[in-house]
Amino acid sequence: MRGHNFSAGPGTLPTAVMEAVRDELLEYPNTGASIIEISHRSPQYTAVAASARALLRKLLGLGEEWHILFLQGGASTQFYQVAHNFLPSDGVATYVNTGNWSTKAIAEARRYGGVQVAASSEDAQFSYIPSEASWDVAEGSVYLHYTSNNTIFGTQYRSEPTVSMPLVCDASSDFLSRPLDLDRYGLIYAGAQKNIGPAGATVVLVRDDFLQTRRPDLPTMMDYGTHAAKLFNTPPVFAVYMVEKVLRWLDDLGGIPAIQAVNQQKADLLYGRIDRTDFYSSTARADSRSLMNVTFRLPSPELDAQFIAEAKANDLLNLKGYRTVGGIRASIYNACPLAAVEALVSFMDDFEAANG
Ligand code: PMP
């Protein structure tokens, strides 16, 4: 039986998508073989990838100036691929440090050129998003990099930065959970395994005018231009095939406005329960709380552990906080149904009644 899965990533996927994949795993329609056993240049896979791109264009409103790439190497590869393409050794890029993933992106960018950290919330265990008014942005930055949702600490930007240079965004853990103001961006990347599919594909959206600012002497596979121009090598076929199904599921649901409303409802329900008594305490500052990863603590680490164990016995799975942070983390990505959050809240009531 499938439990209520609150995993931070790879995360839960829509059951309907999993069933559809199961049903056609051995034989893709009219193919006599699985989609993962045939060429990435076959008409079947070509149609799948084209459909995934068309759905992304529709869901996000991406015009033809946007290239849609399905790359490998995870979001972690993007930490250096972005800088390798766009940060010259005599140039500067601005980064905002809101957690482990931003810290890693900054470390990789420093290998290539100048990095200015405009603001950091490390002083308070990354429990908040520094307000844009406090940022020290380097003039002449080739881009400003930010992490829209901080998976580990449960914080999320309320609004998109308004700086003059193109934004580069690590949207791994909130991609397609809310709309994007595309005109502000040069590049957006997201590992698929939280909101849009299984691990193995990284979605990269790059705007053509920004793409043209990349350095000329890039290794072929590292060059975004290679992948924007053609299908250069074997893409992560199975992952893209599943991403296409998740995108179709999202489109059928009513697209981003519809899922955004459900995401708000789920988060309101869970934060409302956390705030109702002092037994549970939210670890993210109220103005920075994530709608995707809800982090909280009980009165002691022992109670945290007991909560996680009893939750598991009640089919509420994968609620343990990040290994260096502790506490509880409930990841409630797009595919996590409202019923799962309702079950968690009901369990929280019972657990407090028994142990509070
Ligand atoms: N950025 C964010 C916001 C993440 O949550 C993660 C993974 N948890 C990463 C980057 C790293 O992604 P990957 O493991 O795909 O390299």
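**Legends to overall and close-up views**

**View 1. Overall fold of the predicted chain.** Of the 356 residues in the chain, 55% are buried (under 20% relative accessible area; exposed is over 50% and partly exposed in between, with a 1.4 Å probe and protein chains only). This is a predicted model, in which local features need pLDDT of at least 70 and side-chain atom pairs count only at pLDDT 80 or more, whereas totals for chains, interfaces and linings use all residues. Residues are numbered from 1 along each chain as its sequence is written, and side-chain values use heavy atoms, with hydrogens and water left out. The chain contains ten helices and 14 strands (DSSP runs numbered from the N terminus: helices are H or I with at least four residues, strands are E with at least two). Along the principal axes, its C-alpha atoms fill a box of roughly 65 × 55 × 30 Å.

**View 2. Packing of helix H8 against helix H10.** The axes of H8 (residues 255-276) and H10 (residues 338-355) come within 9 Å and cross at roughly 5°; axes are lines fitted to C-alpha atoms, for helices over the stretch in contact, and angles run from 0 to 180 degrees between N-to-C directions. The two helices, H8 and H10, are therefore roughly parallel to each other (angles under 35 degrees; over 145 is roughly antiparallel, 65 to 115 roughly perpendicular and the rest oblique). On the H8 side, the residues in contact include Leu269, Leu270 and Ile274, and those of H10 include Leu338, Val341 and Met348 (contact means heavy atoms within 4.5 Å). The residues of this contact divide into eight nonpolar, one polar and six charged (Ala, Val, Leu, Ile, Met, Phe, Trp, Tyr, Cys and Pro are nonpolar; Asp, Glu, Lys and Arg are charged; the others, Gly among them, are polar).

**View 3. Surroundings of Gly113.** Gly113 lies in the loop between helix H4 (100-109) and strand E4 (114-120). With 15% relative accessibility, Gly113 counts as buried. Not counting residues up to four places away in sequence, Gly113 touches Leu87, Pro88, Ser89 and Gly91.

**View 4. Cis peptide bond at Pro10.** Gly9 and Pro10 are joined by a cis peptide bond with omega of about -10°. Pro10 belongs to the loop between strand E1 (4-5) and helix H1 (15-23).

View 5. Leu176, although not a glycine, has a positive phi of about 65°; Leu176 sits in the loop between strands E8 (167-170) and E9 (185-191) and is buried, at 1% relative accessible area. Asn318 has a phi near 65°, also positive in a residue other than glycine. Asn318 is located in the loop between strands E13 (316-317) and E14 (328-331) and counts as partly exposed at 48% relative accessibility.
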